[in-house]
Amino acid sequence: MKLNGTEENPVLRDPDVRLMLRAKEGDQTAFTQLVANYQDRLVGVLAHMLQNKEAAEDLAQEVFLRIFRARHGYEPTAKFATWLFRIANNLANNLRRDAGRRKEIVLNVNDSGPLGPRPGERLIAEKSGLMPSRQFDKNEMCAMVQAALSTLNEKQRMAVLLHKFEEMSYTDIAAALDMSPAAVKSLLSRARDNLREKLEPYVRQGTLGSIQPE
Amino acid sequence: MAKLMRLSAEQRENLTAYLDGELDEAATHEIEQMLASSEVARHEVDMLSRTWDMLSVLPTHKASGEFTRKTITSLRAAEQSGPSAAGRAFYKNARRGGTLTLWAALLGACGYLAFMGANHWVPNEAEQLLQDYDIISNLDKYSEVISPSGRPGEFLEVLSSKHTFADHDDHSSK
């Protein structure tokens, strides 16, 4: 359905959608502005997804390339950020699938199965077994939280990152991940339960919770 | 004991959505009533909230200083050097189709050559019989001809060696 005017098409209120429409008409400055607006956000999310900043930058560049090539056929049906992160999610999944086939990256799946605990779980178990009540420094805490995050599956992790760092609503996350809002609600609930399960022992003992992030 | 009753899956989901501000007014009111009466629910909300806040300690990764410039440069280079993704896809499919056509033509040519070769070198018994039809149809008469050696059919061999029948066939076909 084609809508004209911001009164009928609310996505046109998105300034980034308007920039993209200008890029569609050939305005290179507009596209450069979009890259500048989103580069940190995109690299930030992808770096947590891939746990590798270099790979995150490469992938972010690929995302912008895809958007640039699609500019002539661009039709604003959603917020620009939703579209951008949808592409990012798809490319990240493709990358991890290809890397998994080449056995270059150990994939973290939700069920460790008969192989035993995943590296993240092992880290948490080791830490709790060694000195469960000592104070952790910031680096250790960061590693622990990263390990807990890595125990989530791909969709859970992306949903958590988009919700936490991009402050996306359930509706926007649903559009980015090609799910229904009800499915996102369920997904995030399970993800947060999993995080709680991993981090609660440290919160209870007042160790993690006692260190304030800088 | 209602305070210690376990939460259902739906209630747990609604607790998360409540923390995220994603519930409508009616559902929010319901959750707040549950929190007021359920110790389990209050504990759940507390833990969910505090472990969620832990994510704030994660480092903030930023793009390198040259990222925008490098990205725009690579976009322009990609635009100038090669075809678009659609063009590349078309070229790839065209090349694949061309390869398949070439292989089909090659197989067809091999099949034709094999057929022609078989036709030329493999003797066709039916054709041989057709060529000898005149002789075969009069064989009973020829067998009555007695050759000097007494061997039956000898005179036919002599005539064949002199290509008498070949000449006859050539003349009759004209």
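In this predicted model, H1 of chain A passes H2 of chain A in a left-handed crossing. Chain A also touches chain B, in a contact that takes 40 residues from chain A and 31 residues from chain B. Chain B has ten helices and zero strands.

**Helix pair H1(A) and H2(A)**

- H1 covers residues 15-24 of chain A and H2 covers residues 28-50 of chain A; the two pack at an angle of about 140°.
- Their axes are 8 Å apart.
- On the H1(A) side, the residues in the contact are A:Asp16, A:Leu19, A:Met20, A:Arg22 and A:Ala23.
- These meet A:Ala30, A:Phe31, A:Gln33, A:Leu34 and A:Asn37 in H2(A).
- By class, six residues of this contact are nonpolar, two are polar and two are charged.

**Contact between chains A and B**

- Chain A contributes 40 residues to the contact, and chain B contributes 31 residues.
- On the side of chain A that touches chain B, at least two residues each come from H2, H3 (53-69), H6 (138-150), H7 (154-165) and H9 (181-204).
- H9(A) gives the most to this side, with eleven residues.
- The chain A side divides into 19 nonpolar, ten polar and eleven charged residues.

**Chain B**

- Read from the N terminus, the elements of chain B run α-α-α-α-α-α-α-α-α-α.
- Chain B has 174 residues, of which 10% count as buried.
- Among the contacts in chain B with a separation of 6 or more, 50% are between residues 24 or more positions apart.

How values were computed
Residues numbered from 1 in each chain as written. Chains lettered and ligands numbered in written order. Predicted model: local features only at pLDDT ≥ 70, side-chain atom pairs only at ≥ 80, totals over all residues. Axes fitted to C-alpha atoms, helices over the stretch in contact; angles between N-to-C directions. Helix = DSSP H or I, 4+ residues; strand = E, 2+ residues; numbered from the N terminus. Left-handed = near helix turned anticlockwise from the far one by under 90°. Contact = placed C-beta atoms within 7 Å. Nonpolar A, V, L, I, M, F, W, Y, C, P; charged D, E, K, R; others polar. Buried ≥ 20, exposed ≤ 12 C-beta atoms within 10 Å, placed from the backbone.
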